[in-house]
Amino acid sequence: MTTPIGPVDASVNPRYSGFATFARLPRLEEVEHADIAVVGAPFDSGVSYRPGTRFGPSHVRESSRLLRPYNPAQDFSPFARAQVVDAGDIALNPFDITAAVEETDRAATALGERASRLVTIGGDHTLALPLLRSVARKHGPVAVLHFDAHLDTWDTYFGAPITHGTPFRRASEEGLIDMTASCHVGTRGPLYDKSDLEDDARLGFSIVTSEAIEEHGVEAAIERILTRIGDAPLYVSIDIDVLDPAHAPGTGTPEAGGLTSRELLRILRSLRDTNIVGADVVEVSPAYDHAQMTGIAASHVVYELITLLAMQIDRDR
């Protein structure tokens with residue numbers, strides 16, 4: 001194994017200097033091979049309420065400057081055991097959702113030929129559809145572990161079939177997901193009708209609500225999640241609004257009663273023995289953030305995902 005190139009040394013170069021790559025990691029063009037690539041997808045033309053997530057990738061990168069190489073919660077140094085890089089941003093059409101979806105699919109597929117695993121920073125949740133298309137083309141139908149205040153399995157908005165509220169309905173209809181192993185976590189708040197839940201179950205999802213986590217605890221939620229996903233290839237999709245607005249105000253469709261950042265990180269760390277094949281963290285809208293609260297939460301979520309993927313790559317060597 002070639003020794004990976006790690007982050008810039010903060011004891012030599014101040015954290016607030018230099019290029020704002022994620023966690024101050026090397027750029028893709030600076031390495032010969034990448035195990036894990038972090039890529040930005042600045043796009044928010046699919047939102048139904050507050051815009052601004054096109055600026056999410058740069059905000060999360062800027063908020064990640066304080067991350068360090070050793071993860072004590074996992075007792076693992078991800079940047080020393082896998083080559084992790086920042087692959088920059090995908091150039092996406094801001095005026096044409098269909099074109100942007102196709103561009104995301106092509107870019108993710110091409111980048112997947114240079115890196116074993118991708119972690120995408122959005123951007124709005126529309127992006128999950130093309131990312132799942134790319135992943136399923138390689139791995140077949142995947143279990144989807146979807147952290148979100150919302151189901152995102154609605155049908156259309158204003159007649160549009162592809163928006164940030166519809167990606168998992170389209171993914172299910174296209175046969176991209178494992179309908180026996182997929183799960184929403186942290187959903188809460190009002191719905192349009194009880195039939196939303198009936199449709200969601202028909203599309204292949206189980207639900208661990210925010211209320212269930214409050215009533216039964218995080219460990220019970222983890223047990224349900226791990227039982228549900230089993231050993232299927234797993235795609236993890238995280239809308240930052242799964243967190244309560246107290247922890248993540250900078251998002252487009254906030255809902256009261258969400259998870260704490262500590263609860264979300266604990267659940268993610270429980271995935272260490274699963275087979276994660278890709279992940280995204282979306283819906284960070286910097287204009288509504290305060291003191292980088294949402295950006296910092298999102299950067300730590302990305303860091304935990306990188307750690308999980310690096311552990312998996314290290315285990316498979």
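Which helix does Ser261 lie in? Ser261 lies in helix α9, residues 261-269. The views below come from a predicted model.

**View 1. Ser261 in helix α9.**
Ser261 is partly exposed, with a relative accessible area of 27%. That value falls between the limits of 20% for buried and 50% for exposed. Leaving out residues up to four places away in sequence, Ser261 touches Leu243 and His247. Ala246 is 15 residues from Ser261 in sequence. In space, the two are 9.7 Å apart, C-alpha to C-alpha.

**View 2. The buried residues of α9.**
Leu264, Leu265, Ile267 and Leu268 are the buried residues of this helix. They lie on the same side of α9, because they cover an arc of only 160° around its axis. What do these buried residues pack against? Three strands are on the list: β4 (143-147), β5 (182-185) and β7 (233-239). The helices α7 (210-216), α8 (218-229) and α10 are on it too.

**View 3. Helix α1, mostly covered.**
Helix α1 spans residues 56-63. Six of its eight residues are buried. They are Gly56, Pro57, His59, Val60, Arg61 and Ser63. These residues pack against the strands β1 (34-41), β2 (84-89) and β3 (115-122). They also pack against helix α10 (293-316).

**View 4. Gln74, in the loop between α1 and α2.**
The loop that holds Gln74 runs between α1 and α2 (78-81). Is Gln74 buried or exposed? Gln74 counts as buried, because its relative accessibility is 3% and the limit for buried is under 20%. Its contacts, not counting residues up to four places away in sequence, include Arg269 and Arg272. Gln74 also touches Glu304, Thr307, Leu308 and Met311.

**View 5. Gln312 in helix α10.**
Gln312 has a relative accessibility of 3%, so this residue counts as buried. Which residues is Gln312 in contact with, leaving aside its neighbours within four places in sequence? They are Arg117, Thr274, Asn275 and Ile276.

**View 6. The largest nonpolar core.**
This core has 56 residues. Phe22, Phe147 and Val236 have the most contacts inside it. Helix α10 gives the most to this core, with 12 residues. A second, separate core has 33 residues. Among them are Ala37, Leu118, Leu132 and Val144.

**View 7. The surroundings of Val236.**
The contacts here leave aside neighbours within four places in sequence.

**View 8. The largest pocket.**
Rolling a probe the size of a water molecule over the atoms shows where empty space is left. About 280 Å³ of space lies in the largest pocket. Its lining has 19 residues. The closest to the pocket centre are Ala108, Gly112, Ser134, Val135 and Lys138. Which elements give two or more residues to the lining? They are α3 (97-112), β3, α4 (128-139) and β8 (275-282). Helix α4 gives the most, with six residues. By class, the lining has eight nonpolar, seven polar and four charged residues.

Terms used
Residues are numbered from 1 along each chain as its sequence is written. This is a predicted model: local features need pLDDT of at least 70, side-chain atom pairs count only at pLDDT 80 or more; totals for chains, interfaces and linings use all residues. Side-chain values use heavy atoms; hydrogens and water are left out. Buried means under 20% relative accessible area, exposed over 50%, partly exposed in between (1.4 Å probe, protein chains only). Helices (H or I, at least four residues) and strands (E, at least two) are DSSP runs, numbered from the N terminus. Contact means heavy atoms within 4.5 Å. A nonpolar core is a set of buried Ala, Val, Leu, Ile, Met, Phe, Trp, Tyr and Cys residues joined through side-chain atoms within 4.5 Å. On a 1 Å grid over the protein atoms alone, a cavity is a set of points where a 1.4 Å probe fits but cannot get out, and a pocket is an open set with protein on both sides within 12 Å along at least five of seven lines; lining residues have an atom within 4 Å of a point. Grid points are joined across faces, edges and corners, and a volume is the space filled by probe spheres set on the points. Ala, Val, Leu, Ile, Met, Phe, Trp, Tyr, Cys and Pro count as nonpolar, Asp, Glu, Lys and Arg as charged, and the others, Gly among them, as polar. The arc is that of the directions from the helix axis to the C-beta atoms.
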